[in-house]
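Q: Could you go through this protein with me? I would like to start with one residue and then move on to the whole chain.

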Amino acid sequence: MYDSVLVPTDGSARSLAAARRAIDIADTYDATIRVLSVIDSSDLGLWTAADVPVERVQASLRDAAEMAVEEIASLADDAGLPCETAVRIGVPHREILDYAEEVGADLVVMATHGRTGLEHAILGSTTERVVRLSEVPVLTVRE
């Protein structure tokens with residue numbers, strides 16, 4: 001049923017909970033886990049406005065993203081599952097959707113962050129956008 005399960009991560013505990021669910025599903029179907037971390041391009045602008053060199057900001061954000069995907073890759077390895085990782089820079093929901101299409105993901109498993117009210121209205125939700133726009137099923141996981 002599932003050959004390729006995509007797990008977007010931001011390195012949070014919620015993302016890790018979603019990854020554990022994805023690993024359980026992948027184990028059941030003998031699927032490949034694909035882990036993606038997206039460095040939000042809007043974050044780069046915040047730091048560069050503070051006169052921090054863009055190269056230093058990118059390196060720091062990339063290191064954090066690499067650590068996030070490697071943590072999940074380690075869990076997949078412990079479960080004996082094949083795993084591929086990627087880090088991208090861009091608009092998170094768009095990069096997730098593009099990557100899902102590129103790798104032929106059959107399922108996306110991702111965390112929700114539980115924002116409500118004004119914060120949700122202003123910030124929106126990456127997960128909500130992926131759910132609305134994805135051509136493959138999206139399983140959302142609340143920690």
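Q: Where is the place of Asp 27?
A: This is a predicted model, and in it Asp 27 belongs to helix α1, which covers residues 13–29.

Q: Changing topic: how many helices and strands does the protein have?
A: There are six helices and five strands. Along the sequence they follow the pattern β-α-β-α-α-β-α-β-α-α-β.

Q: What share of the residues is buried?
A: Of the 143 residues in the protein, 41% are buried.

Q: Which residue does Arg 34 meet in a salt bridge?
A: The partner of Arg 34 is Glu 84, with a distance of 2.4 Å from N to O. This pair links distant parts of the chain, since Arg 34 is in strand β2 (residues 32–40) and Glu 84 is in strand β3 (residues 83–90), 50 residues apart.

Q: Is Arg 34 buried or exposed?
A: Arg 34 counts as buried because its relative accessibility is 13%, and the cut-off for buried is under 20%. Glu 84 is partly exposed, at a relative accessible area of 37%.

Q: Which residues are linked with Arg 88 in a network of salt bridges?
A: The network links Arg 88 with Glu 95 and Glu 102. Between Arg 88 and Glu 102, the closest N and O atoms are 2.4 Å apart. Arg 88 lies in strand β3 and Glu 102 in helix α4 (residues 92–103), so this pair ties together parts that are 14 residues apart in sequence. For Arg 88 and Glu 95, the closest N and O atoms are 3.6 Å apart.

Q: Are those two Glu residues buried or exposed?
A: Glu 95 is buried, with a relative accessible area of 16%, whereas Glu 102 is exposed, with a relative accessible area of 53%.

How values were computed
Residues numbered from 1 in each chain as written. Predicted model: local features only at pLDDT ≥ 70, side-chain atom pairs only at ≥ 80, totals over all residues. Heavy atoms only, no water. Helix = DSSP H or I, 4+ residues; strand = E, 2+ residues; numbered from the N terminus. Buried < 20%, exposed > 50% of the residue type's maximum accessible area, 1.4 Å probe, protein only. Salt bridge = Lys/Arg side-chain N within 4 Å of Asp/Glu carboxyl O.
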